[in-house]
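Good morning, and thank you for coming.

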Amino acid sequence: MREPAVEWLHSTYCIRLGFWRRKKVILHDLCLRVAQGMTLGLIGPNGAGKTTVIMLGAGLLKPDLGRVQVAGRDAVDVASKRGIGCLTERPYFYPRLTLLEWMHMLVGLSGIGRTEGRRAVEKQLDLLGLRDQGPLQMGTLSKGQLQRAGLAQALVHRPSLLFLDEPMSGLDPCWRSRLLEIMLELKRAGRTIVFSSHILSDVETICDEVVLMDQGKLRWTGDMSAIEKTFRMFDIRMEATRQEFLSELRGKGVLVIHKCRNTYHLRVQGPLLDKILALAATRKIRLESLNPVYADFDELLTRFGRENAGNSGWRV
């Protein structure tokens, strides 16, 4: 078993609200390990707690209860942060600094020497298509250029552990595809990556494991395909001379949208599709049409998470 690169050990994080500073729990008792060299995707509806997980892992926040460890050290220790690269959801850029000035400042804070740092900055700006923007003040850059600049600073000191919060945000289709390639290259190089995204196809392409968050709790961990297999809906129109077949489809996951004489219009969840096909094979029903229904992403994740609320726990 590979050693953990980062682990959240019964981590709880709270904020204080209002005049009386009442406590609100943002993250509830998170237990999660990410092995070295693994790529983990955080998914879930808005406000699920994904950003808080990343901020705790990067040592930018400290849990109220429990611990967060990076390679066996407390995540907030300076020694832990030397090997971490982080792109937050809303990074701050100094608008009056040029991109080169900003990058060199961050390289210096990372403890890299001037000559080596200059080469590292040039390499990352080339990688992310920002060489021509180097002399420009950051306040003049576009949203997509700033996002790529944030990625450049996360990579410039060659970290072994990367935290990326919505890294595709603001990127055009060309650069989103290019960033996927860069992340796959980093994965092949053995880097550990933890990132959040609402783009299902990106998560499925890159990740070894997926964590589903909802309402500040870990709802499920596993392979991305399990979510779609379980909760993808199918729209079915069929004809049946007898109603007995409905008894074989009773239970959760069947919705009768319309019935007219012997013709039925159903919507069923993925696991029941095999039953429908078996009925058609034995000629108990005659299928007229069968089409997948693609639900809204947030709706899909929320429904899946609440159905699996009891399945959270350790996964490596």
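The lining of the largest cavity consists of nine nonpolar residues, with no polar and no charged ones. In this count, Ala, Val, Leu, Ile, Met, Phe, Trp, Tyr, Cys and Pro are nonpolar, Asp, Glu, Lys and Arg are charged, and the others, Gly among them, are polar. This is a predicted model, in which local features need pLDDT of at least 70 and side-chain atom pairs count only at pLDDT 80 or more, while totals for chains, interfaces and linings use all residues. Residues are numbered from 1 along each chain as its sequence is written, and side-chain values use heavy atoms, with hydrogens and water left out.

What is meant by a cavity? On a 1 Å grid over the protein atoms alone, it is a set of points where a 1.4 Å probe fits but cannot get out, and lining residues have an atom within 4 Å of a point. Grid points are joined across faces, edges and corners, and the volume is the space filled by probe spheres set on the points. The structure holds one cavity of 30 Å³ or more, and about 40 Å³ of space lies in the largest cavity. Among the residues that line it are Leu 151, Leu 164 and Met 183. Helix 5 (143–155), strand 7 (161–165) and helix 6 (173–188) each give two or more residues to this lining. Helix 6 gives the most, with four residues. Helices (H or I, at least four residues) and strands (E, at least two) are DSSP runs, numbered from the N terminus.

Six strands form an open sheet with mixed pairing, in the order 6-7-8-3-9-10; two strands pair if DSSP finds at least two bridges between them. At its edges are strand 6 (84–87) and strand 10 (217–222), each pairing on one side only. Strand 9 (residues 209–214) pairs with strand 10 in the antiparallel sense over five bridges, and Met 213 stands opposite Leu 218 in strand 10. Helix 5 packs on the sheet, touching strand 6 and strand 7, where contact means heavy atoms within 4.5 Å.

Finally, the structure holds 10 salt bridges, each a side-chain nitrogen of Lys or Arg within 4 Å of a carboxyl oxygen of Asp or Glu. In one of them, Arg 33 pairs with Glu 7, with the closest N and O atoms 3.2 Å apart. This pair links distant parts of the chain, 26 residues apart: Arg 33 is in strand 2 (residues 22–35) and Glu 7 in strand 1 (residues 4–17).

Methods. 1 Å grid on protein atoms, 1.4 Å probe; cavity = no way out; pocket = protein on both sides within 12 Å on 5 of 7 lines; lining within 4 Å. Axes fitted to C-alpha atoms, helices over the stretch in contact; angles between N-to-C directions.
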